[in-house]
Amino acid sequence: MTWVKVCAENELAPGETRVVWDGDTPILVINFDGTLYAVHDQCTHEDYELSAGPFDAERGVLVCLLHSATFDLRTGEAQCAPAYLPLVKFPVKVEDGAVWTRDDR
């Protein structure tokens, strides 16, 4: 599996997000208080991109705009209905000054 470059490390400040594609998979990469996370950019309730909604950088929570489902970015766990399934999480690394991720399923 090959890694997909997200951006330069200095281009993703705390609270900022980026979306990249690994083949047909949209991956949302988020800098939460200096730690990088990568999740499938799709709500587990319906096929809707999480990147369209807000990211609460104080609590580390993603909000789906379609039906207000929320997810804990650190664990991927759904926090309220209508979503019940956790987010798919992906590896993320920093190498040679760049942020990388991939769909490792």
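Searching the whole structure turns up 4 salt bridges, a salt bridge being a side-chain nitrogen of Lys or Arg within 4 Å of a carboxyl oxygen of Asp or Glu. The model is a predicted one, so local features need pLDDT of at least 70 and side-chain atom pairs count only at pLDDT 80 or more, while totals for chains, interfaces and linings use all residues. Residues are numbered from 1 along each chain as its sequence is written, and side-chain values use heavy atoms, with hydrogens and water left out.

Side chains of opposite charge can pair when their charged atoms come close. One of the salt bridges joins Arg59 to Asp56, at 2.8 Å from N to O. For accessibility, buried means under 20% relative accessible area, exposed means over 50%, and partly exposed is in between (1.4 Å probe, protein chains only). On that scale Arg59 is partly exposed at 47%, and Asp56 is partly exposed too, at 25%.

Another salt bridge links Arg74 and Asp72, whose closest N and O atoms sit 3.2 Å apart. Here Arg74 is partly exposed at 36%, whereas Asp72 is buried at 13%. Then there is the pair Arg105 and Asp103, with 3.0 Å from N to O. Arg105 comes out as exposed, with 55% relative accessibility, while Asp103 is buried at 16%.

Now for the strands. Strands (E, at least two residues) and helices (H or I, at least four) are DSSP runs numbered from the N terminus, and two strands pair if DSSP finds at least two bridges between them. An open sheet of 3 strands runs in the order E1-E10-E9, with antiparallel pairing. Its edges are E1 (4–8) and E9 (92–95); each has a single partner strand, so one side of each is left without a neighbour in the sheet. On average, neighbouring strands of this sheet are turned by 30° against each other, direction ignored; the axes are lines fitted to C-alpha atoms, for helices over the stretch in contact, and angles run from 0 to 180 degrees between N-to-C directions. E9 pairs with E10 (residues 98–101) in the antiparallel sense over 4 bridges, and Lys93 has Trp100 in E10 as its bridge partner.

A further open sheet holds 4 strands in the order E2-E3-E4-E8, again with antiparallel pairing. E2 (17–22) and E8 (89–90) are the edge strands, each pairing on one side only. E4 (residues 35–40) and E8 run antiparallel and are joined by 2 bridges, with Ala38 standing opposite Phe90 in E8.
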